[in-house]
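Visitor: I am new to this structure and would like to learn how to read it. Please show it to me, then take the features in turn.

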Amino acid sequence: MSAEDTVSDAAGAISADRFVEISYDDVIPNNVALGADKQLQRALETWRPNYLGWWNSMGPLGYQASDVYLRTAVGVDPAGWAKFAYVKMPAYRWGILLAPKVEGRAIPFGRHKGEPAWQEVPGEHRALLRRLIVVQGDTEPASVEQQRFLGGTAPSLYDMRNLFQVNVEEGRHLWAMVYLLVKYFGKDGREEAQALLERQSGQMDNPRILGAFNERTPDWLSFFMFTFFTDRDGKMQLAALAESGFDPLSRTCRFMLTEEAHHMFVGETGVQRTIEATCAAMVKAGIKDPHDVEAVRKLGVVDLPLLQRKANFHASVTRDLFGSEISSNAAEAFGSGIKGRFNEANLKGDDHVLTDATYPVSRVGDGKIVVENEPALRALNARLLDDFIVDCQGGVDRWNKSIEKAGIDFKFTQPHKGFNRRIGEFGGKRISPAGDVLTEDEWKARSGAWLPNDDDMQFIASLMKPCHEPGKFASWIAPPRVGVNNQPGDFEYVKIA
Ligand SMILES: [Fe+2]
Ligand SMILES: [Fe+2]
């Protein structure tokens, strides 16, 4: 074994093909030896103009001729997988990149646990696998569509660049799923790849598959909340699929997670910088009470209670994406080795088959919230949702640190799991953010204090004035601590054409 062959990570020894660089001479950059599979290459080259057509009509409005300082994936080595350069978005090199193959990888869970991971689609699980890939794939272009109008009101060139970075990478994630569909699912897969370009976020006749991906992202605060909460749902789903016994799906998702981390960074720091601007303005004006909304808004910053209401909304809508807590589909996806739990391979203390295990699930019983043990296999969505809520808390805690540092008495909290839900155990139930079960009348009387109202949205809209001068930021958001790729504060991240 050479030194390179012995490089390993938590997943085990990694084969030498981690060092395969992408060929940028190909129309479609890839590390999957696309050139050796002419049929696949032709299918993707046929799809590509349709994709570009979608990008041009449904992707970012305007700025397509501008030079944007973007990172492009140039390899899958964790040490140096991206390069930064000015690129016009339609010329972005959307490629197909899989994390390195782990030699001897075994299926880590379910009925097939311990068998060698599948390199081809197992016939008996074909339909389920295709459905999961399509649902994941559908979210990628959906979020680009949702964010289409934001460039025009960017609070800085730095933020505009981050938006476009997220957008091109969601485009690449679509490519990643389309690769799997076209390579492994024949004619059905090609049809699904086309349908992914035809559904449209928020469209009545042919909407995106999942609810949260049909909501509007009308302003930058919504964008930051979306990338904090909803891209994190993406992270959880990708992480569960990265455990898959179907190895190409696992490898695809593992590389997508590398990019996903940046999307959540944009969300977390976006909200954080909003909080910092608010706190700084309050301190400067000598305003102590965070609930003195009128005085705070006069300063041209977002009051903290409004940020809490926005967080409540995005948290609850995103939680619905996890589906019913009790789910026979999730049980089947796990049992058949297709979709694992978060961090499955490293979970200690159970058999990864879950035949006799139980999991505590919250629901409403007798007018209050009760916790009941359910068969763990049927409660996998409940578990992934709980993992998601834990994952969110780190960011919320960092937001609270900023407020504390400014000496302002306010603390963000995540609403109770059952708050404002449409799907699952709490669907249609009326639960306060603190977790009290309410009557319909109580909900009507009080929910206005917990969710953004028309006034809030109008106020946010009034702040959305473009700030497109290098190094300048809108009043409501603080500059970042560090520039992208360590660029200086006045760096021209987008050369607007
Ligand atoms: Fe994505
Ligand atoms: Fe994302």
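Guide: What follows goes through metal sites, a helix, a sheet and some loops.

Visitor: What should I know before reading the numbers?

Guide: This is a predicted model, in which local features need pLDDT of at least 70 and side-chain atom pairs count only at pLDDT 80 or more, while totals for chains, interfaces and linings use all residues. Residues are numbered from 1 along each chain as its sequence is written, chains are lettered from A and ligands numbered from 1 in the order in which they are written, and side-chain values use heavy atoms, with hydrogens and water left out.

Visitor: Which residues coordinate the iron ion (ligand 1)?

Guide: Donors are N, O and S atoms within 2.8 Å of the metal (3.2 Å for Na, K and Ca); water is not among the atoms, so sites may look incomplete. Here Glu-140 (OE), Glu-170 (OE) and His-173 (ND1) coordinate the iron ion (ligand 1) at 2.0 to 2.2 Å. Along the chain, the donors of this ion follow the spacing E-x29-E-x2-H.

Visitor: What separates Glu-170 and His-173 in helix α3?

Guide: An α-helix has 3.6 residues a turn, so residues three or four places apart point the same way. Helices (H or I, at least four residues) and strands (E, at least two) are DSSP runs, numbered from the N terminus. Glu-170 and His-173 are separated by about one helical turn because they stand three residues apart in helix α3 (residues 157-184).

Visitor: Are Glu-170 and His-173 buried or exposed?

Guide: Buried means under 20% relative accessible area, exposed over 50%, and partly exposed in between (1.4 Å probe, protein chains only). Glu-170 is buried at 3%, and His-173 is buried at 0%.

Visitor: How is the geometry of a metal site read?

Guide: Ideal angles at a metal are 109.5 degrees for four tetrahedral donors, and 90 or 180 degrees for six octahedral ones.

Visitor: What does Arg-172 touch?

Guide: Contact means heavy atoms within 4.5 Å. Arg-172 is found in helix α3 and is buried, with a relative accessible area of 2%. Not counting residues up to four places away in sequence, Arg-172 touches Trp-94, Gly-95, Ile-96, Leu-97, Phe-255, Met-256 and Glu-259. A polar contact is a pair of N or O atoms within 3.5 Å; within protein, one must be able to donate a hydrogen and the other to accept it, and residues adjacent in sequence count only if both atoms are side-chain atoms. The side chains of Arg-172 and Glu-259 make such a contact, at 2.8 Å.

Visitor: In what order do the three strands of the open sheet run?

Guide: Strands of a sheet pair through backbone hydrogen bonds, either parallel or antiparallel. Two strands pair if DSSP finds at least two bridges between them. The order in this open sheet is β4-β3-β7, with antiparallel pairing. Its edge strands, β4 (82-88) and β7 (494-495), each pair on one side only. Strand β3 (residues 67-73) pairs with β4 over seven bridges, and Tyr-69 has Tyr-86 in β4 as its bridge partner.

Visitor: Where is Gly-367 found?

Guide: Gly-367 is in the loop between β5 (358-365) and β6 (368-375), and is exposed at 53% relative accessibility. Gly-367 and Val-437 are 70 residues apart in sequence and 6.4 Å apart in space, C-alpha to C-alpha.
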